Amino acid sequence: MNPFNENKNQRSPWLLVLCIFTFIGSGVNFLTYFMLTFTGNYLPQLVDMYSQMGMPQEVMDSFEFMLTIKPINFLIIALCYGLAVVGAAFMLKMNKLGFHFYVIAQLALFAMTNLVIKGMMSQGWTSIMLTVMLILLYAMLMKDVLLNQNTDIQDSNQDNNNQNLESEDEDDDV
């Protein structure tokens with residue numbers, strides 16, 4: 001028995017697990033970057049306070065790098081994480097639009113961190129491979145929905161056409 005395809009009409013427990021991980025990871029990141037959007041003015045005070053506390057140089061370098069990032073970039077990253085959460089919610093409802101939202105969010109995050117902001121926020125190979133792995137897992141778990149939703153719509157349209165033909169036949173009989 002394949003654990004990724006237990007029943008076409010029922011959500012896989014593995015999909016639930018992946019969505020919970022997405023809710024936790026992307027949800028926390030959404031809140032973090034959303035807060036950074038509006039609290040960026042306080043970062044210089046935090047840097048001063050942490051330097052007086054004797055924080056390691058790596059932490060200080062991270063804070064100083066964050067001072068160079070525009071608040072709008074934090075907002076865009078927060079919105080990307082929010083889109084990933086929305087995508088996971090849609091996937092829980094077995095809606096293929098959720099998969100597309102999730103993939104768009106991941107591609108936008110890659111572009112923002114690696115192509116726009118760069119520096120310390122660039123994703124390493126480990127992060128990129130994890131993202132690709134999660135997209136592939138979601139694709140495997142949503143395979144039936146991604147491939148069969150169009151045929152479901154076609155089937156329902158066919159059923160509607162058959163009902164219309166039957167009602168026309170009944171009208172002709174009268």
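Helix α4 (residues 71-92) and α5 cross at roughly 160°, and their axes come within 7 Å. Please keep in mind that this is a predicted model. The notes below start with that pair, move on to two further helix pairs, and end with the pocket.

**α4 with α5**

- With an angle of roughly 160°, which is over the 145 degrees that counts as roughly antiparallel, α4 and α5 are therefore roughly antiparallel to each other.
- The crossing in which α4 passes α5 is left-handed.
- Sorted by class, the residues of the contact of α4 with α5 comprise 20 nonpolar and five polar, with no charged ones.

**α1 with α4**

- Helix α4 also pairs with α1: the axes of α1 and α4 come within 8 Å and cross at roughly 160°.
- That angle makes α1 roughly antiparallel to α4.
- The handedness of the crossing of α1 and α4 is left-handed.
- In the contact of α1 with α4 you will find 20 nonpolar residues and six polar ones, but no charged residues.

**α2 with α3**

- Helix α2 (residues 43-53) packs against helix α3 (residues 57-67) at an angle of about 165°, and their axes are 10 Å apart.
- This makes α2 roughly antiparallel to α3.
- The crossing of α2 and α3 is left-handed.
- On the α2 side, the contact is made by Leu43, Pro44, Val47, Tyr50 and Ser51, while α3 brings Met60, Phe63, Glu64, Met66 and Leu67.
- By class, the residues of this contact of α2 with α3 divide into eight nonpolar, one polar and one charged.

**The largest pocket**

- The largest pocket holds about 310 Å³ of space.
- Lining the largest pocket are 15 residues, and the closest to its centre are Ser26, Tyr102, Gln106, Leu130 and Leu134.
- Which elements give two or more residues to the lining of the largest pocket? They are α1 (13-39), α5 (96-117) and α6 (125-141).
- Helix α1 gives the most to the lining of the largest pocket, with six residues.
- The lining of the largest pocket divides into eight polar and seven nonpolar residues, with no charged ones.

Key
Residues numbered from 1 in each chain as written. Predicted model: local features only at pLDDT ≥ 70, side-chain atom pairs only at ≥ 80, totals over all residues. Heavy atoms only, no water. Axes fitted to C-alpha atoms, helices over the stretch in contact; angles between N-to-C directions. Helix = DSSP H or I, 4+ residues; strand = E, 2+ residues; numbered from the N terminus. Parallel < 35°, antiparallel > 145°, perpendicular 65-115°, else oblique. Left-handed = near helix turned anticlockwise from the far one by under 90°. Contact = heavy atoms within 4.5 Å. Nonpolar A, V, L, I, M, F, W, Y, C, P; charged D, E, K, R; others polar. 1 Å grid on protein atoms, 1.4 Å probe; cavity = no way out; pocket = protein on both sides within 12 Å on 5 of 7 lines; lining within 4 Å. Points joined across faces, edges and corners; volume = space filled by probe spheres on them.
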